[in-house]
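Before reading on, take a moment to look through the sequence and turn the structure around. The questions below go from the whole chain to single residues.

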Amino acid sequence: MTVTEGTNVAPTASPDGESIVMDLHGILFSLPRDGGEAEPLTDVALEPARPAYAPDESRIAFQGYADGNYDIWTMAPDGSDVRQLTDDFWDDREPKWSPDGTQIAFSSDRGEEYDIWTLDVNSGDLEQWTDTAGENYEPTWSPDGSEIAYVRQPAEENTDDTADRIEVVDRNGETRTLVTAESGQTLHSPSWSPEGEDIAYVRETAADEGEGQVDLMVSGEQITDGEDVFIFTPDWLSADELLYSADGDVRVLDLGSGESSDVPFSATFHLPELDYERKSYFDGSSGARDVQGIESPTLSSDGERVAFVALNDLWVMRIGRPPRRITDDSAYQVDPAWSPDDRYLAYSSDKEGTQDLYVHDMRTGEDWQVTSRGEDAAVSAAWSPDGSKIAFQDQDRATYTVEVDVNEEGVDTGDIRQVKGPLFLPGQPTWSADGSTIALAAVYTYSDRFRSGTSQILTVDVGSGEEHYYPPGEEFDSLSTRGLDGPVWSPDGRWMAFVVESTLRVMPVTESGEPDGPATKITDEATDSPTWSGDSEWLLYLNNGQLKKVKRDGTETQEVPLRLTYRPDRPSGRTVVYAGCMWDGTSSELHEDVTIEVVNDRIKKITTDGEPPNGDYVDLSDLTVMPGLIDSHVHYTYGERFFGGRQGRINLAYGVTSTVSVGDRVYRALEDREALESGERVGPRFFAMGEPIDGSRVYYGFIGRPTTSIDQIPLEMSRAIELDYDMGKTYVRLNAERMALVTDINHEEVGVPTKSHYLAPGGFVGQDGTTHLSATQRLGYARTESVTSQTYEDIVKLYSEGQRSVTTTFFTSDFLLADEVRGDSRTQLFPPWDRETLLSDSGFGAVGDNEEYPSDPNCTTGSCRHANTFKEIFDRGGVVLTGTDAPLDYFGLGMHANMRALEAYAFSPYEALLTATRIPAERLGVEEDLGTLESDKLADMVFVEGNPLEDIRDAMQVEMTMKNGELYSVDDLVEPYT
């Protein structure tokens, strides 16, 4: 497809002004100064950005991502002779040639914050020019080469100085300030004029309402007005002319007249067709299936028993015998932990409404409640070595200890003490042998500018609070997840076990947890959830749904057979429903007086325009029935340990009968899928997947398994194949080469769609679409929208003509009014802390001061601009899916917020409903079973008051939901948590 506009196109001009090289969607194109057909110079795999011509026009420098980190590269102007100049773990960005062409200035986080560095092109020597608190980036040379100007962003902890600056540094490290931003302004991409008298740059100004504006500036004077200027370096063609990009165009501005002219271009892209055999999701079988969702398996101290969670219950298995249920109720259990003497099993359950700690006596079978924290959760139990304390974590991810005295008569509790404040998605606590230190997985970031880092081992002294971060092995190694992949401290205190690159490692440590030697790899297969035996000689772990044990030195591995099966819930019997109206998902009109006959789990027959049926039937003649909603973007396990059983009920109560994971903790996700499929847990269908595949840096604890080479991909993808994923995703830091291999494996061996945050390179290597229009980006900006949330022809064409899907994820509660939410009994299903936020007057997702819908007649807000982009894609035959990114947005409720935003700004109610019903079913490949109400399809439907085709708000007025042929009233769903 050929485009003539480019979103966030970044141009640079040759010194003679005759040629332009521009970055568009991660491909460098060459363009004549007067415009014309753009010639591609690079391929997708190189992922170049920020091109800059050498003074003698012989080379072009750029930041490239071919190896999975940003490095400085150069090439000839025709795209040949590509050379990599830096090659290490650090990110090197925004290259600029010195005036004499012997050096390249760039920004790098190699000092664990961004500073300005220079590279000698001939020798490769590096020199650091800045070393100040904060982030220094986007350099530009003075004409005489004696100074470098750059953007300085103050350190986050410096609350007294938050203004961006353009500063100048010389070779001696002396600095001065050229420009200081005012409140609400962000500065970008300075460029020194040829005579050195002026600095051009881009200024972003926030607005009280809407997305604000971005302007081209020269030495404090605003040069553009009303243009959507892109945030890249303006290039001086002469003392009076600037090359820049705005409004989807490449432009030249005459500073004398103030007039700008476009440099017209056309650029052609090629996207592979999406042609692969889809997985069969519903085979109708009711036969027994092996359980693979073995969550949190933990080995007893004597090495003879395994406790775990599966099928919505806590189980214990004596190795070699069938497992037995420890709990057998509808409550949600999580995180079993053996006491040091194996007499007791601690776990968390929401049987009293929120997650609290319980202790189960393995001799008597009694259960005692340890914590009763009211509106706070308690999960991630870990006994101290002497059994006198249990460490746990709350919903804010803070870590505590509680004193316990457990005996035959019950449990006495003492002080609860915070050991470590809230962390971002930490791992579970583990104790040193003497009980003085707790270790856990935590993210270690390398700059404030970009949040990604590595998952390391954090040790905290329980008494003093002193803490240390340690890499799990080599300097830049990263734990595979911060879920159940360690660290786990051996009972004798001499070792820590953890998973790196999906293989189990054991590392000697001191009594305080400091590494005391290299880590040794003891498995070669996909490994998760290690726990120790009491003698510190064996480790239990999971390998693609199979329990195994391995000796600490890796010399022996044993299978641990688990004989546990389940059967898919196939309700038997006949249910007849009579509804006043029906929207079936195929027509833009309602049918009236509708009889729906459901046999077992499928619709047998639908009759319209008829009288009530003879015999027994459910009279819903005052309601409208419609297909169940499909949330195309959830992270079901992100906070489920804290939500407990509420989570599935919230979805059903708001009419969501299917949810699609785009990244979850793998065994928690499998346990969910099996518990829901077997009917052991109440909730929607769950199309599950494990952790997305990421690059060498990560941020989220379980959304992104780090990889450092393409050779690692087959091992990582063995989970998707053997555990039968329903969806695939790659995450923020995975490069194009590895992204392509992951996509190919998902398509060819699993048969599932694969997505990412990136239209480019994702769509260009065969991915099915993006999980947002834009979200976290490794570039620091999106290729799919400008910083003011505007998109241009290229984006609409690539999505629509390329048949790549895009998911809404508005992240707004503006269309949920305070009165309707306050009076909604379903909000009782949210945990207390979420409900408090929801009903408050401020904060993300708060609706307390929403008295009316927002008004945006000029479409200045991001929500309006996004909705209009989605409508353009939709109108051109593209695929738009409604998704929430829950729990970052609200489960259930967020679906209606998203559909209302679409309808308020661009879509008809009918079109908005399609993005949440028929279209996602088609895109997932389940259109024969879900998405519309037709004979022979699965009986997933929602009964609402009103007519959602006239008023989209009526879609939220759910009275009853049928999922898989089983009918639930809202009262039924809410009752356990009232």
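Q: In which loop does Asn 544 lie?
A: This is a predicted model, and in it strand E50 covers residues 538-543 while strand E51 covers residues 546-551.

Q: Where is Cys 859 placed, and what is its relative accessibility?
A: Cys 859 is found in the loop between helix H8 (832-839) and helix H9 (862-875). Although Cys 859 is not a glycine, it has a positive phi of about 50°. Cys 859 counts as buried, and its relative accessibility is 18%.

Q: How many helices and strands does the protein chain have, and how does its radius of gyration relate to the globule rule?
A: The secondary structure of the protein chain comes to 13 helices and 68 strands. The globule rule gives 30 Å for 978 residues, and the chain is close to that, so it is as compact as a globular protein of that length, with a radius of gyration of 29 Å.

Q: What percentage of the residues in the protein chain is buried?
A: The C-alpha atoms of the protein chain fill a box of roughly 85 × 75 × 50 Å along the principal axes. The chain exposes about 33700 Å², of which carbon and sulfur atoms supply 39%. Of the 978 residues in the chain, the buried part comes to 64%.

Q: In which sense do strands E2 and E3 pair, and which residue in E3 stands opposite Ala 13?
A: Strand E2 (residues 10-13) has Ala 10 and Thr 12 pointing one way and Pro 11 and Ala 13 the other way, and all are buried. E2 and E3 form a hairpin with 5 residues between them, and Gly 17 in the turn has a positive phi of about 75°. The two strands pair over 4 bridges in the antiparallel sense, and opposite Ala 13 stands Ile 20.

Q: What separates the C-alpha atoms of Val 750 and Arg 278?
A: Val 750 is in helix H5 (residues 736-750), and it is buried, with a relative accessible area of 11%. Not counting residues up to four places away in sequence, Val 750 touches Lys 279, Ala 720, Ile 721, Tyr 725 and Ile 745. Val 750 and Arg 278 are 472 residues apart along the chain, and the separation of their C-alpha atoms is 8.1 Å.

Q: What is the omega of the peptide bond from Gly 486 to Pro 487?
A: Most peptide bonds are trans. Pro 487 is found in the loop between strand E44 (467-470) and strand E45 (488-489). The peptide bond from Gly 486 to Pro 487 is cis, with omega near 10°.

Definitions and conventions. Residues numbered from 1 in each chain as written. Predicted model: local features only at pLDDT ≥ 70, side-chain atom pairs only at ≥ 80, totals over all residues. Heavy atoms only, no water. Rg over C-alpha atoms; globule rule 2.2 N^0.38 Å. Buried < 20%, exposed > 50% of the residue type's maximum accessible area, 1.4 Å probe, protein only. Areas by Shrake-Rupley, 256 points an atom, 1.4 Å probe, with all protein chains shown as cover. Pairing = 2+ DSSP bridges. Contact = heavy atoms within 4.5 Å.
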